[in-house]
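Good morning, and thank you for coming.

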Amino acid sequence: MILLTGFEPFGQETLNPSWLAVQRARQLLQAEGLAVEAIELPCVFGESVTVLDDAVSRLEPEIVVAVGLAGGRDRISLERVAINCDDARIPDNKGQRPIDEEVIPGAPAAYFSGLPIKAALRNLQIAGIRGEISQSAGTYVCNHLFFGLMHSLATRPGVRGGFIHVPYAPEQVPPGGSAPSMPLDVTAQGIAVVARTSLNTQVDSKLGAGAIH
């Protein structure tokens, strides 16, 4: 089974393309005969990880693809590493704003994604969908969830997971605005590519996609 997750709206936004696209990706994958579940997570430190942990325990997925919004990016970002650091520029949806705190006290400094991100990038490129390997998932709730997921999966052999960021939906960009966006149907197709690749790929590809800075 594949478990997909997206976030509720946060900040000043009235929608979150991560959740809207996840729902469409679920439909695409289910139409192929795959077992897929999708859940919407609260954009809240702590609570988001708890809700996801409960879903993983209940559903026992093989693959977990968590998705969040990265406004300003113009492509699907396959996150390489989660760090054990909360440093919130804005409060979460319950007013929490941790600064320079560990996600999980005493846990490792970082975890790498358990998904085949290089193979997924190649398949995104083949599908004509803009993608990249990202070296930072930030220090807000997205990274918090990513780190919490990877910490939990470290004690769940056989379950692989990771995190991807998606751009704004076109509806979020004001008329005349310059922020990059991606149509929700394209974003959904990209999420489906990542999920499908993760299910079918045990050993990641060797593909140059690093960063100089």
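Threonine 201 lies in the segment that follows helix α5, residues 184–200. The model we are looking at is a predicted one. Is threonine 201 buried or exposed? Its relative accessibility is 16%, and because buried means under 20%, threonine 201 counts as buried. Its side chain reaches the backbone oxygen of threonine 197, at 2.8 Å. Which residues does threonine 201 contact, once neighbours within four places in sequence are left aside? They are Pro116, Ala119 and Arg160.

Ala119 takes us to helix α3, residues 117–126, where it is buried along with Ile117, Lys118, Ala120, Leu121 and Leu124. The cover over the buried residues of α3 includes α5, together with strands β4, residues 76–79, and β7, residues 131–134. Just after α3 comes glycine 128, with a positive phi of about 75 degrees.

I turn now to the nonpolar cores. The largest has 34 residues, and those touching the most other members are Leu3, Phe7, Leu52, Val64, Tyr140, Leu145 and Phe163. Several elements give two or more residues to this core, among them β1 (2–7), α2 (47–59) and α4 (141–153). Its largest share, eight residues, comes from α4.

Consider leucine 52 as an example. Not counting residues up to four places away in sequence, leucine 52 touches Leu3, Thr5, Ile39, Leu41, Val64, Leu145 and Leu149. There is also a second, separate core, of 33 residues, which includes Leu4, Trp19, Ile129 and Val194.

How values were computed. Residues numbered from 1 in each chain as written. Predicted model: local features only at pLDDT ≥ 70, side-chain atom pairs only at ≥ 80, totals over all residues. Heavy atoms only, no water. Helix = DSSP H or I, 4+ residues; strand = E, 2+ residues; numbered from the N terminus. Buried < 20%, exposed > 50% of the residue type's maximum accessible area, 1.4 Å probe, protein only. Polar contact = N/O pair within 3.5 Å; in protein donor to acceptor, adjacent residues only side chain to side chain. Contact = heavy atoms within 4.5 Å. Core = buried A, V, L, I, M, F, W, Y, C linked by side-chain atoms within 4.5 Å.
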